[in-house]
Amino acid sequence: MARVLVGVKRVIDYAVKIRVKPDKSGVVTEGVKHSMNPFDEIAVEEAVRMKEKKLAAEVIAVSCGPTQAQETLRTALAMGVDKAIHVEVTGKDLDTLQPIHVSKILAKLAQDEKADLVIVGKQAIDDDCNQTAQMTAALLDWPQGTFASKIEKGDGILTIVREIDGGLETVKVKTPAVLSADLRLNEPRYATLPNIMKAKKKPLKKLTPKDLGVEIKAHQEVVSVEDPPVRQAGSIVPDVDTLAAKLKEGGFA
Amino acid sequence: MQRIYSSSLQKINQISQKCWKSTSTRVELTQVRYPKLKRGNYSVISDKHISTFEKIIPGRVLTSATDDLESFNTDWLRTARGNSSVVLKPKSTEEVSEILKFCNQQRLAVCPQGGNTGLVAGSVPVFDEVILNLSLMRKIESIDTASGVIVCEAGCVLEELDNVLREKDLMMPLDLGAKGSCQIGGNVSTNAGGLRLLRYGSMHANTLGLIAVKADGTVVDALNCLKKDNTGYALHHLFVGSEGTLGVVTKVAIQCPHVPQAVSLMFLGLSDFASVMETTQRAKGFLGEILSSCELMDLECADAVVQNMKLKLPLERMPFYMLLETSGSNAAHDEEKLNAFLEAVMNQGLVLDGTVITEPSRLKAVWHLRECIAEALLRDGYVYKYDVTLPAQKFYDLVPFFNDKLKEAGALRCCAFGHLGDGNVHFNVTSTEFSYKLLGLIEPSIYEWTSKHRGSISAEHGIGLKKRDFLKFSKTAEAIEMMRDIKQVMDPNGILNPYKDLGEARGHEARTTQAFSRTIPAGLQAREPKFAMPKEDSEQTALRTELENLISSIQDKQKEVNDANLADKCGDMGDAPKIRLATKKMLKGHINKVTTCHYSGDSRSNYIVQNRKLNYFLLI
């Protein structure tokens, strides 16, 4: 039976209004409500369902980030994950942390933990990078099934239905493989009280990137972070001719 | 050819409009559904009136000739529809004042309207009252972050106010399912309750002051922004909860609490009501000072939400669900209190299952499950909605009392949900369409039951049109009389929201048509008058009937003629001369004797002869 590694990220909750820091170096994260990346929730749900269907033997959740990432891991444990690994990244390293580093960490852990399947959310809602699954697969030289909206397990083979621009694409990948979860894969469960209680007793291991031989080296520099331009008010035109004239003026016709 | 084409196009348009309207199931006119309601002695809207309105608020007068007034005339619950042909949309207190002054002079009935989300048909006309809609009065005048006071116009939407306040770390003290549409003026005028009354108090507590316009156009400036102001009668409290019958609220000052740092929501599933009661007690003990909301919904409500709104519940199907929200200043402290509470209730087997939510996105989603119950039930077809306060133990008893009877008579659902922490239960029955039979099985039985258990027949929804005949189940005759006294002083012509709250204006009680009630059962005639009236004999009865008939026939004749009123005829006359009263002589003597008579040289002065025994004055 498969051993599944799930990557989860702690991000600012999507219902919170984002504020840009006055020095334009980033967004305000202090005192702001965070939660698990919605796509990662879907990934965790899928892994837990596989365990319930007896397709997976053990599910391990991983998160790279500051101490508070442990809260996110506890949520994953409450959803049914068996154990959690917290890779502690703080301070300057946290600012520099990019998907490339996370992929290296996940790849190393997949090998250490003898995982057959690595599942992550398709992208994080704070950086929208959509890179981690793909890079992890490349580093491990494993096949990948990204934007998965349906996963079916066969014998040593996974049939994945992918959501792409043109519609739905079905691919078959051999395990071990890396998958990334898309929105319509499943609807994550709410962690219920008995499971929340049980989660407190489940193991949570702490590591650092150094332990895994990964150096958090800066590859790029964030120049500035700005608010998107304020939406201009529209104007109501009295008739079609005026509309055509305005479009011509604006250079759209 | 073109003419024929366009006229047939018009016909097609008309037919398709008719079809559309009929398939969209127009709500029955209130005056048709409740034929016992009689239109009061008010003027009928004329073109002259409309042109005057146009002068006061140019471009903001909607008439049935040019606009579709259906949404203004129909209530949110789709149970009442008025027949108004005019909607006025003022933008300032001054405009409201001029409009009301004119309407008062012309004896035009007015129906003040905000977001039109009321649940007792109080915000739509019954007949053809002029609709005074305040939606355009949306300015926020000021937000004082130091004192937490917001001053804004009555047409501001509750949710929008809350969003603006949250940017300054404040929040509105009330929260209800209708927040996306309801306006603060309406909230104040109906003393709206909501989900967080338990923690932040009612509108009476949070409305520091307001500006209202009386029926005659006088602007009452009771806009105080101070927490403490004991200077005379607290006039603003008169308007809070008066449902637009004493004045039109145009501006309010609301005390806003600070946004809590840590909000947690528990969604719990329980097996029976006894467990619900125990859990509530535990919650008050373990969570006391941080508890900000305590709500209940039963399985039928949950099913309605799942089926009609296509939403998913966090838990499996269980007989009862509770939502407990805590708001505190320290997440870690609150988490400790929550954990202690949850461990206790789980270990004692009070709670079957539950979940705890702290993420803002999830909080909204789970609260929505409770807030959309009203809409979910509405989608069944027709909702019979009741809102009563009951003693804690009896909170859920209405459902077993009515369930079997009503289901037999064709009801779809019979369920209860509500503000468990306040003892305020929303008892709802749904059916595919309105049925007099079902209505008769529920009313007045539910009010009698509530009154018997010393509850309130309307906890937060107010009286409006639907409950006006049941006011006596919760208030004594003397109290209602005093309310009529106040109404008489504030609105002598009875133009503000007539037919609602207290029913007919004073002087018309003898002809009050009790559209909704049946006879009061003997047990409830407990409120005996102070003086026992002497028994009547048949002659007296006959005489009294004759007298009443004479009075009503004279009134009818008056109405027929109705060519003028005293105010119009004498309005331009000069004032009468000042009366100087001086006692000339005290007359004593046998009754029926006129013992003195004086003549006056001045034709304008008169003499008054008073007979104390028979208590009359003779003015000569």
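These legends describe close-up views of a predicted model.

**Figure 1. Chain A as a whole.** The fold of chain A comprises 7 helices and 11 strands. Its C-alpha trace spans about 70 × 45 × 40 Å along the principal axes. Chain A has 253 residues, and 42% of them are buried. Take the contacts in chain A between residues at least 6 apart in sequence: 71% of these join residues at least 24 apart.

**Figure 2. Helix H4 of chain A.** Helix H4 of chain A covers residues 99-112, 14 residues in total. From its first C-alpha to its last, H4(A) reaches 20 Å. That is close to the 20 Å expected at 1.5 Å a residue. Which residues of H4(A) are buried? They are A:Pro99, A:His101, A:Val102, A:Ser103, A:Ile105, A:Leu106, A:Ala107, A:Leu109 and A:Ala110. After H4(A) comes A:Lys114, with a positive phi near 55°.

**Figure 3. A:Lys174 in strand E9 of chain A.** Strand E9 of chain A spans residues 167-174 and includes A:Lys174. Is A:Lys174 buried or exposed? A:Lys174 counts as exposed because its relative accessibility is 60%, and the cut-off for exposed is over 50%. Leaving out residues up to four places away in sequence, A:Lys174 touches A:Pro143, A:Gly156 and A:Ile157. A:Gln111 is 63 residues from A:Lys174 in sequence. In space, the C-alpha atoms of A:Gln111 and A:Lys174 are 17 Å apart.

**Figure 4. The interface between chain A and chain B.** Here 21 residues of chain A are in contact with 22 residues of chain B. The two chains bury about 1700 Å² between them. Carbon and sulfur atoms account for 58% of that area. Three residues, A:Lys33, A:Tyr190 and A:Leu193, supply 39% of the area that chain A buries against chain B.

Figure 5. A:Lys17 forms a salt bridge with B:Glu167, and their closest N and O atoms are 3.3 Å apart. The count of residue pairs in polar contact between the two chains is 5. On the side of chain A that touches chain B, strand E3 (34-36) and helix H6 (193-199) of chain A each give two or more residues. H6(A) gives the largest share, 4 residues.

Figure 6. B:Asp387 sits in strand E14 of chain B, residues 382-389. B:Asp387 is buried, yet it has no salt bridge. The nearest side chain of opposite charge belongs to B:Lys467, 4.7 Å away. Which side chain makes a polar contact with the side chain of B:Asp387? B:His426 does, at 3.3 Å. The backbone nitrogen of B:Glu460 also lies 2.6 Å from a polar atom of the B:Asp387 side chain. Beyond its neighbours within four places in sequence, B:Asp387 is in contact with several residues, including B:Asn424, B:Val425, B:Ser456, B:Ile457 and B:His461.

**Figure 7. A salt bridge between two loops of chain B.** B:Arg39 and B:Asp128 meet in a salt bridge, 3.0 Å from N to O. This pair links distant parts of the chain, 89 residues apart. B:Arg39 is in the loop between helix H2 (30-33) and helix H3 (47-56) of chain B. B:Asp128 is in the loop between strand E3 (110-113) and strand E4 (130-133) of chain B. B:Arg39 is partly exposed, at 27% relative accessible area. B:Asp128 is partly exposed too, at 23%.

Figure 8. B:Asp162 forms a salt bridge with B:Arg166, the closest N and O atoms being 2.8 Å apart. Why are the two separated by about one helical turn? Because they are 4 residues apart in helix H6 (residues 158-166) of chain B. B:Asp162 is buried, with a relative accessible area of 16%. B:Arg166 is partly exposed at 37%.

Figure 9. B:Lys407 forms a salt bridge with B:Glu300, with 2.9 Å between the closest N and O atoms. B:Lys407 lies in helix H16 (residues 398-408) and B:Glu300 in helix H12 (residues 299-309) of chain B, so the pair ties together parts 107 residues apart in sequence. B:Lys407 is partly exposed, at 31%. In chain A, salt bridges with shared partners join A:Arg3, A:Glu58, A:Lys83, A:Glu113 and A:Lys205 into one network. Over all chains, the structure holds 40 salt bridges.

How values were computed:
Residues numbered from 1 in each chain as written. Chains lettered and ligands numbered in written order. Predicted model: local features only at pLDDT ≥ 70, side-chain atom pairs only at ≥ 80, totals over all residues. Heavy atoms only, no water. Expected span 1.5 Å × (residues − 1). Buried < 20%, exposed > 50% of the residue type's maximum accessible area, 1.4 Å probe, protein only. Lys, Arg positive; Asp, Glu negative; His and termini not counted. Salt bridge = Lys/Arg side-chain N within 4 Å of Asp/Glu carboxyl O. Polar contact = N/O pair within 3.5 Å; in protein donor to acceptor, adjacent residues only side chain to side chain. Contact = heavy atoms within 4.5 Å. Buried area = accessible area lost by both parts, 1.4 Å probe.
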